[in-house]
Amino acid sequence: MPSTPVHTPPAVENRLLAALPASDRARLLARAETVHLDLRRSVHEANETIPHVYFPLNGVVSLTSQMEGGDVVEVGLVGREGVVGLPVFLGVDASPFRAFAQVAGEGRRVAAAAFREVVARGDGLHDVLLRYTHVLLTQTAQAAACNRLHPVEQRLARWLLMTHDRVGEDRFPLTHEFLGVMLGVRRASVTIAAGTLQQVGLIHYHRGQITVLDRPGLEAAACDCYRLIRAEYERVLPAT
Ligand SMILES: [Zn+2]
């Protein structure tokens with residue numbers, strides 16, 4: 001069966017931008033351009049000056065660490081709930097991690113220098129970004145604990161739920177290789193874990209396309225780390 005192209009869902013405003021006072025949002029949007037990130041396109045490279053801060057409208061950006069032996073592992077995940085380029089807010093001009101589109105999408109991009117100006121003059125931007133810093137720290141710390149202790153099927157379910165939330169569509173493209181990077185496991189383990197979730201009817205995985213068939217079932221199959229990370233976001237940055 002030929003695979004149907006995945007259409008890009010309509011862009012809704014990035015949640016951090018939506019949470020800002022109107023004055024801050026207007027100042028940022030006046031300096032922003034809307035850009036499309038193709039699959040694998042970088043927002044910033046590891047150990048290079050971060051040129052832009054990027055607020056996704058859809059799609060998913062992965063923060064990844066490349067080990068000395070060449071292995072690449074995901075260390076963070078950002079969609080329309082967040083921002084890529086947080087080190088710029090924290091007063092740091094580069095990151096050891098590469099940020100790139102793992103699911104293609106659009107976002108609002110602001111040059112790093114212009115972003116710093118808006119933060120310095122802003123009303124509520126500083127507070128929102130501090131809260132998001134806490135949320136991203138929570139996500140990365142809990143994911144580290146999860147990757148250490150929980151079985152790969154539960155981790156895969158958690159990761160698919162996090163991606164599903166950000167993509168906003170039941171169907172999204174995901175290669176085997178990417179899944180291995182996201183989970184930090186070998187391809188064979190990815191095959192087994194995805195096969196297990198598919199056999200019980202939670203997902204369909206074919207030719208690099210994931211379809212979420214049973215969202216409540218996938219939530220039940222995930223470890224509690226998914227709920228912990230999501231609940232902390234909703235507590236600290238409730239929808240406006
Ligand atoms: Zn877990």
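Trainee: What kind of model is it, and how are residues numbered?
Mentor: This is a predicted model, where local features need pLDDT of at least 70, side-chain atom pairs count only at pLDDT 80 or more, and totals for chains, interfaces and linings use all residues. Residues are numbered from 1 along each chain as its sequence is written, and side-chain values use heavy atoms, with hydrogens and water left out.

Trainee: OK. How many cavities of 30 Å³ or more does the structure hold?
Mentor: One. The largest cavity has about 30 Å³ of space. A cavity here is a set of points, on a 1 Å grid over the protein atoms alone, where a 1.4 Å probe fits but cannot get out. Points are joined across faces, edges and corners, and the volume is the space filled by probe spheres set on them.

Trainee: Which residues line the largest cavity?
Mentor: Leu 37, Tyr 54, Pro 56, Asn 58, Gly 59, Val 60, Val 61, Ala 101, Val 103, Ala 104 and Gly 105. Lining residues have an atom within 4 Å of a point.

Trainee: Which strands supply at least two residues of that lining?
Mentor: β3 (52–56), β4 and β6 (98–103). Strands are DSSP runs of E, at least two residues; helices are runs of H or I, at least four; both are numbered from the N terminus.

Trainee: How does the lining divide into nonpolar, polar and charged?
Mentor: Eight nonpolar, three polar and no charged. Nonpolar covers Ala, Val, Leu, Ile, Met, Phe, Trp, Tyr, Cys and Pro; charged covers Asp, Glu, Lys and Arg; the others, Gly among them, are polar.

Trainee: Val 60 is in that list. Is Val 60 buried or exposed?
Mentor: Buried, because its relative accessible area is 1%. Buried means under 20%, exposed over 50%, and partly exposed in between, with a 1.4 Å probe and protein chains only. Val 60 is found in strand β4.

Trainee: What does Val 60 touch?
Mentor: Leaving out residues up to four places away in sequence, Val 60 touches Leu 77, Val 78, Phe 100, Ala 101, Gln 102, Val 103, Thr 163, Arg 166 and Val 167. Contact means heavy atoms within 4.5 Å.

Trainee: And Ser 65, where is that?
Mentor: Ser 65 is also in β4, which spans residues 60–66. Ser 65 is buried, at 14% relative accessible area.

Trainee: Switching to helices. How many residues of α7 are buried?
Mentor: Seven of its eight, so α7 counts as mostly covered. The buried ones are His 176, Phe 178, Leu 179, Gly 180, Val 181, Met 182 and Leu 183.

Trainee: What covers them?
Mentor: The cover includes β4, β5 (72–78), β6, α6, α8 (187–199) and β9 (203–206).

Trainee: At what angle do α6 and α7 cross?
Mentor: Roughly 105°, with the axes of α6 (residues 152–167) and α7 (residues 176–183) coming within 10 Å. Axes are lines fitted to C-alpha atoms, for helices over the stretch in contact, and angles run from 0 to 180 degrees between N-to-C directions. The two helices are therefore roughly perpendicular, a label for 65 to 115 degrees.

Trainee: Which residues meet there?
Mentor: From α6, Val 152, Arg 155, Leu 156 and Trp 159; from α7, Leu 179, Met 182 and Leu 183. By class, that contact has six nonpolar, no polar and one charged residues.

Trainee: What follows α7?
Mentor: Gly 184, with a positive phi near 65°.

Trainee: Which non-glycine residues have a positive phi?
Mentor: Arg 40, at about 75°, and Asn 47, at about 60°, are examples. Arg 40 sits in the loop between β1 (32–37) and β2 (42–44). Asn 47 is in the loop between β2 and β3. Arg 40 is partly exposed, at 37%. Asn 47 is exposed, at 60%.

Trainee: Last one: where does Leu 137 lie?
Mentor: In helix α5, residues 125–149. Leu 137 is exposed, with a relative accessible area of 55%. The C-alpha atoms of Leu 137 and Ile 229 are 9.9 Å apart, though 92 residues separate them along the chain.

Definitions and conventions: 1 Å grid on protein atoms, 1.4 Å probe; cavity = no way out; pocket = protein on both sides within 12 Å on 5 of 7 lines; lining within 4 Å. Parallel < 35°, antiparallel > 145°, perpendicular 65-115°, else oblique.
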